[in-house]
Every structure is written in C-alpha cells, then in structure tokens.
Amino acid sequence: MRTQRTKLPNGMEITAARSEEATLMYGEVSAYIKHGLTLQPGAVVVDVGANIGIFSLWAYDQCDGQIAVYAFEPIPAIYHHLAANFQNIDPKCLKAINVGLSGAPGMARFAYYPNATFASTVYPDSGQADRQLTETLLARSLHQLPPYLAWVRMLPPLVRQPIIKLLARYINQRQFVTCELQTLSQVIHRHQLERIDFLKIDAEKSELDVLRGLEAGDWGKVQQIFAEVHDRDGRLQAVRDLLQQQGFQTIVCEQDPYFADTEIYAVYARR
C-alpha cells in the first residue's frame, strides 16, 4: 500500500496515498462552512465519506481540539490512512469507522479508484463517462497540477489534449471491493449521540441514501448539514424537499464555477 507523509497547510502531519491529493482536498474543505453554517468548540461532527480525514482534521483544528468527530470511510485502503491519521493526532476525539452509510444496512460493491481515492463510489459510471468528467475537470485545473505534471500546462492545446486524455485514463483506473453499510440512525443509537452539530456528506452519489438512513425520531438531532449532491434523476430537488420536510429553514444550493456544466452541487442547510 502506497503511503506518503504529508504536511497540511495548518501544520498537521498526516499520511496519504498521494500528497497532492491530500493538499487538493484540504483546499476545498473550508468551503463547507458557508451560508450561516458554523463550527464551534464542543461540536459533535459526523463526517460521511471521510476519505483520509481532511475535513475532520480541519474541523478539529478550527475547534482547537474541542470536538467529537465520527468519521465514516468504507474503502479499506482509504480507511487505513484515516485510522492512522486519527491515531496519530487525537484518537480520543477523532473516531474512524470502517463502514459506509446508506438508507439500509447491508453489504455493497464499491468502485475504488486508487489514483483518485475521493471518487470512490457505490454508484460508478461507465468508464467512458468517468473519463469525460475527469478530462473536463483536469482542463479547468491545470494550475493545480502537482509539480511533476506542471509541464502539461505549458503545452499548446492540440498537444495538451491527448496528454489530458491519458491522465484521465490513468486516474480512472478502478477496482471493486465489497464494504459494509450502516444507517445514520444506527450510528446515532450505537454511539448514543444526543445531537449532531454538523453533518458533512461527501459520498459520491450516495448523499440521498445517507439522509434516508435517518429515522423520524433522529432528524431533530441534526442541526447543520453540508452535502455534495450529484444532481441526476432529480436528486438535488429530492434532497431540498427532504430537508424542508424535516424542518431546516435555511437551505442554499449552489454550484462552484469549477463544476459548471456538471451534475455536482453544494447544499447547505441549518435549523
């Protein structure tokens, strides 16, 4: 298993499969706290789709270590890094759990992308669709390529495009693994959570499943939600409707310009 030591911008030293991937994810997590959502010392945070724990560690830092985090990552190879990072920093406050969350307990087949771990999902697209999206996003993020690929952005467009296609094919190599699923209400009951101050969901097309795993009596325990939502088959509207039905008064849906012309949206909700 590939492991690299990485220092995050906040000074934390962690392990990751790829340093550049950890740095990229770290640059995104501060955007989860917008539109009135807050993180305060003493918060109880549930991190769904935790990957190697970047958001959880950022939240821990923001709250000066006064936080209780329950982080869920189903892919064993990714969970290995998550558990190691939490163990090295503060295992008392940071709890890593090797399951995925969904609408019902069971087992599921996940696509695991070793070269882009954040894309791992129980709802994989065709290889061609994966590559097309990756090509689009690579073309928009040439300035963020790691140093060893910086030369790509210096190429003329006609030469650069075939290189991007090869990179997309490499990034989208995938394996399949079977992982355990639990529901969010199971988690609440097992860990005796009286409240969830911040629920973060970045579960690569499983976001609606995660929310449907909350029983009626547990919804009132959740105070704030950030979710990355993939809008297919009316999923974005379904998430909005569900949150409104469950008493969230402030709901904001927006799309980062980076994701323009894709199905990826950010949803912010608070009571």
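Me: Okay, so two strands count as paired if DSSP finds at least two bridges between them. How many bridges join β3 to β4?
Reply: Six, and the two strands run parallel. β4 covers residues 67–72. Keep in mind that this is a predicted model.

Me: Which residue in β4 is the bridge partner of Val-46?
Reply: Tyr-70. To get from β3 to β4, the chain goes through helix α2, and this β-α-β crossover is right-handed.

Me: What about β9? Which residue there is the bridge partner of Val-46?
Reply: That one is Leu-199. Four bridges join β3 to β9, again in parallel.

Me: Is β3 buried or exposed?
Reply: Buried. Six of the six residues in 43–48 are buried, so the rest of the structure largely encloses this strand.

Me: Which residues point which way?
Reply: Ala-43, Val-45 and Asp-47 point one way from β3. Val-44, Val-46 and Val-48 point the other way.

Me: Zoom out. What is the strand order in the sheet?
Reply: β5-β4-β3-β9-β10-β12-β11. It is an open sheet of seven strands with mixed pairing. The edge strands are β5 and β11, and each pairs on one side only. On average, neighbouring strands are turned by 15 degrees against each other, direction ignored.

Me: And what holds strands side by side in general?
Reply: Strands of a sheet pair through backbone hydrogen bonds, either parallel or antiparallel.

Me: How do β9 and β10 pair?
Reply: In the parallel sense, over three bridges.

Me: New topic. Where is Thr-121?
Reply: In the loop between β7 and α4.

Me: Is Thr-121 buried or exposed?
Reply: Buried. Its relative accessible area is 1%, and the cut-off for buried is under 20%.

Me: Which residues is Thr-121 in contact with, beyond its neighbours within four places in sequence?
Reply: Phe-110, Ala-111, Tyr-113, Glu-204 and Lys-205. With Glu-204, a polar atom of the Thr-121 side chain lies 2.6 Å from the backbone oxygen.

How values were computed:
Residues are numbered from 1 along each chain as its sequence is written. This is a predicted model: local features need pLDDT of at least 70, side-chain atom pairs count only at pLDDT 80 or more; totals for chains, interfaces and linings use all residues. Side-chain values use heavy atoms; hydrogens and water are left out. Buried means under 20% relative accessible area, exposed over 50%, partly exposed in between (1.4 Å probe, protein chains only). A polar contact is a pair of N or O atoms within 3.5 Å; within protein, one must be able to donate a hydrogen and the other to accept it, and residues adjacent in sequence count only if both atoms are side-chain atoms. Contact means heavy atoms within 4.5 Å. A crossover is right-handed if, with the strands pointing away from the viewer, the path from the first strand over the helix to the second runs clockwise. Axes are lines fitted to C-alpha atoms, for helices over the stretch in contact, and angles run from 0 to 180 degrees between N-to-C directions.
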